[in-house]
Each structure stands twice: as C-alpha cells, then as structure tokens.
Amino acid sequence: MESRPPLHAITSLPAPPSQHASSAAAAVSSINAAPKPPVFAKMEVLVREMQDADTGIPIRSQKLFLTSIPSAFMGYDLIEWIMERLDVEDSEAIHLASLLCQFGYFFPVGESRSLVVKDDSSLYRFQTPYYWPSQNHSADTTDYAIYLTKRLARNKQKHGLEDYEAETYAKLKKGLQHKWDFVTMQAEEQVRLAKERKKGDKIVTDSQERAYWRVYRPPQGFTNCLEMAPVPDKTNMANRVRKKTLENAKQEMEFLSKGLDRTRSKVSVISEALITHSEVFSEYDPFLFMPNPSNPWISDEEDFWMFNDNYADQPTESRMRRWGISFLELISDPLGVTEFTSYLRKEYSHENIRFWQAVNGLRYGAASSMNEAVESIYDEFLKPGAPCEINIDGKTMEETQVQRKQPTRYTYDLASEHVYELLLKKDCYPRFLRSEDYKNLAATAVIPSTKKQRFFHLKSGPGKKKISTSATTSNSLALVLATPQPIKRHGSDEHQTQGSKALSDAGGSSSNSGGVHLGSTPTPPLSSSKGDCEQPY
C-alpha cells in the first residue's frame, strides 16, 4: 500500500512536533507559551460538542460538483444545531458560527474569499486541533512566502493572488532575498507532491491551507480575531511588581490627602446647572431661535449689525436682558462696560472698574512696556494719596507690595480679583441693576421689528402703477425734513443732559431755519476736577 506524504510536506502549514520530541516540546511550551485566554476555552468546549458522534452535527461524506468531500457538514446543519443547543435565533446563530470560522475552528470547502458561514448547503470541515488558536503558535513568514509562491505557480484563474497578497508577496521577496531560492524550491516541491493526490484531497488541503493563512494573515482593514489586547501578563506579574518603598508610600499619601480637599459635585447638581444654563441662554442661540432682527447671514439685511454694534446709540431689549443675567455678561459687552462705567462715575467709585481694566491691559499687553505699566498702575491706584486710590484690605496690599518688587504680568492679579469679586460683582453690579440709570435704559431700549423675508418678489396686482425713482427720492427727502430727528445718545445720561441743554440754547437759531433739526454733534466728556480721577487708563 502506497504511503501518503504528511500534510506539512505538501502544504505551507507548520509541522506538528514529532513523537520523540513531544515531551521536550511540551516542557518548553509550558514555560514559554502564553496563557490560554478564557474565551478560547469556552469556544473549544462548544466545538467539541459539535464533533460529538451522537449529539453533534451530522458529519459525513458530501458531494461538491461530483467530487466526494470526506468528513464534511453543511451550513444549515450547523446553524440548526446552534439554534437548538443555545436556544437563540437564526441571525445570532449565523453570527456565532461566523465568529468560530474566523477564529479558525472550521473552514469552508471550496470558498476562498471570506470566512463567513452561510445558512445553505455550502460545505465546511473542522480544522485540525493542532491549528486551533489556543495552541499559541505563530505563523512563520517563510512559510507564508512559500504559500504565496506556490499559488503563483498554479492556475491563476483559480489560485491567483488578491491585491493585498500580491503586495505582501513583493515585500517578502525583497526581504527574503537571501533565501529566496529555498522558498522557490520548497514551493515547487509542494506543487509536485500535490499533483499526485486525489481531487477531493486536493480541494480539502487547499481550502484548509487558505483558511489557515486567512486567519493568521488577514487582509488590511479586516478584523484580526487573534490579535491580543495589550494587557499585562498576570502569570509573571509577581516578578515585575516593584516593592513599595517609604518614598512611594509618602507620595501616595500626599496624593490621597490632596484628593480629600478636592471639591466634588453630584451628577444631579451638575445636570440641573446645565439645564438652567441652557434654558437661560437658549433664546440667544441663533440655531434654536431666530435672531431679531433677521439673521444677516441669511437675509442680506444689516440691521442686526447696526443694533448690536459695540458703540450703538441705544442698546436693544435682548441686550439689556442679557446684562441682567450675570456680571460676566455685562463686562463682556463693550457697550455694557461703557454704561456701567458711567454709572460708577456718578457714584464716585469708577476707579474700581478702571483698575480692573488696567490690570487686564497689563496682563495681555506688550512685554516691552510691562515694567512701566506696573509702576503706572501703582502710582495711579495703589500708592498712598493716589488720585484714584482703590480700597483693598491690608493683607492683599502687603502681598501686592511683595509682588511689585519683581514685576510680572500677574503682579496685581490678587488685588484685581479682590476688586472684581468683592467690590464690582457683589456691590456695584447689584446697585447698578436697581438704579434709575438701568431702568431708564430698559425703558428706552430698542425693540427691532421683525421683517419676513420674501424669497420671490411677485407683483401684488396686475394693474399696479410703477413709481419713478426721482419722485420717490423727493418724497423721502421731504419726509425727512419735516420730521424732527432724535438726538443721538453717546455715553451716559449726564452727557445726554448736556446735549439737551446745548440744543435748548440753540433753539432760537433752529426755529429761524423753519424748525428743522438734523441731529447734533456729540458733546465731549466732562473734564475731571482736581479730586476726580483722570480719563480711563
């Protein structure tokens, strides 16, 4: 009887250890092999139940295009067995069967493109247990080069290389140039031995070999089921862990003690704060609410920019309501800072906001004038008898004096925080919201009218008469001359009062011109007296 060559002699699969070396190999593998992941043990228990002769999947010789395939089973037999054994639906059973196939526990016969189980009469065979992933053997690069070279030597229509395999073959040929003759010789020998086998055995061997390399050398972009997660090895963890010293214990105690003083908020409290913030600021979000007036990025109207200019004549109603939300919203608006400073000037406490602005200018100013700015701020706001001396406690003053000896951008941060939190935010800001100035601003606030944008300019009627441009211009000019124009408001109410007095003094001259008033020139700011502060820093 003719003896068959072993499987590794006609394929590129790694050869199992011989019997006389099995004990030595087992001893080496027990020392060097990685621990078996628990998922492999669970899958192998299920695969062994599938192979049971009585309760497992029906395994018998099947026909594949008039060729007998020994020890094969069909796809729908596998899916039906999993559904009955695990009590799952067909979709879940197909997914589990495909995962077992991708891990290399069985392979499709004749199918070479993918490792997917189909619920039909396609044939499958169980992989040899030696090639299961739990054996922890790595695929050799030389064997893979022999496999690709052997496929190139055979029928290209049936055994041709895919695109990723052709790229890998070119890289291997370049990297293994020193032993490429050996690779070619082995591939030719395996092709010669494979020709002597039966057709059914050749189909099984080709499918087994291709499925093996599909598992261990998957295409780029496909999931590699055998890729191990980068987790530490728990078997040798005891030898790697360093013993804690007294210094390590001190560092850990210091870290934990700092954690005790760290403020922690409940998720419920944070969620309520976020909900409240969203409810307050939702009307100012142009994605949620249509801005009033219309959005200039959509409607080509410039009213929005005019009403929300940094130095507009009068604030809008929405702008005023935003000032009342928080002090940060007020000082973030240049017009709000202007009105707030005018109010503080009337209250003889505007040196606080000026000092805070000067410190911000120092923090973000040029480095070349930093030392000069530090001394200038000290002479104007902190020096005893300064023209705009601010009121801070003695401890803050002492620390500021120490910082001033080595001037930096942050020399006056402590004093600025004291003025911001205690004087401006908690004292001046609430008084400003209760003041008559704020109420007058709110009463005279502008409410922009909403105009509905017309996308299609259609005629209103068939017989509408066109009006000439010259007539329209003359009528508009006459209407402007007949209507008294409002006085433009710049700065505080005090400036507006002065402008009104100047207008009343010039009333005779304006009446002589027919009662027409075309606006007034803004009055300059009041000159500061000896006891008052100078202009803003």
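These questions and answers look at a few features of a predicted model.

Q: Why is Leu-288 called exposed?
A: Exposed means over 50% relative accessible area. Leu-288 has 58%, so the word applies.

Q: Where is Leu-288 found?
A: Leu-288 lies in the loop between α13 (267-281) and α14 (296-299).

Q: What makes the nonpolar surface patch of about 410 Å²?
A: Phe-287, Leu-288 and Phe-289 make this patch. A patch takes residues with over 30% relative accessible area. Leu-288, at 58%, is above that cut-off.

Q: Why is α10 described as largely enclosed by the rest of the structure?
A: Buried means under 20% relative accessible area. In α10, 15 of the 18 residues are buried, so the rest of the structure largely encloses this helix.

Q: How do you know what span to expect for helix α10?
A: Helix α10 covers residues 199-216, which is 18 residues. At 1.5 Å a residue, 26 Å is expected. From first C-alpha to last, α10 reaches 26 Å, close to that value.

Q: What is the order of the four strands in the open sheet, and why do β1 and β3 stand at the edges?
A: The order is β1-β2-β4-β3, with antiparallel pairing. β1 (60-64) and β3 (106-108) each have a single partner strand, so one side of each has no neighbour in the sheet. The twist averages 55 degrees from one strand to the next.

Notes:
Residues are numbered from 1 along each chain as its sequence is written. This is a predicted model: local features need pLDDT of at least 70, side-chain atom pairs count only at pLDDT 80 or more; totals for chains, interfaces and linings use all residues. Side-chain values use heavy atoms; hydrogens and water are left out. Helices (H or I, at least four residues) and strands (E, at least two) are DSSP runs, numbered from the N terminus. The expected span of a helix is 1.5 Å times one less than its number of residues. Buried means under 20% relative accessible area, exposed over 50%, partly exposed in between (1.4 Å probe, protein chains only). Patches are made of residues with over 30% relative accessible area and no salt bridge: like charges are joined within 9 Å, nonpolar side chains (Val, Leu, Ile, Met, Phe, Trp, Tyr) within 5 Å. Accessible areas come from the Shrake-Rupley method with a 1.4 Å probe; for residues, only the protein chains shown count as cover. A salt bridge is a side-chain nitrogen of Lys or Arg within 4 Å of a carboxyl oxygen of Asp or Glu. Two strands pair if DSSP finds at least two bridges between them. Axes are lines fitted to C-alpha atoms, for helices over the stretch in contact, and angles run from 0 to 180 degrees between N-to-C directions.
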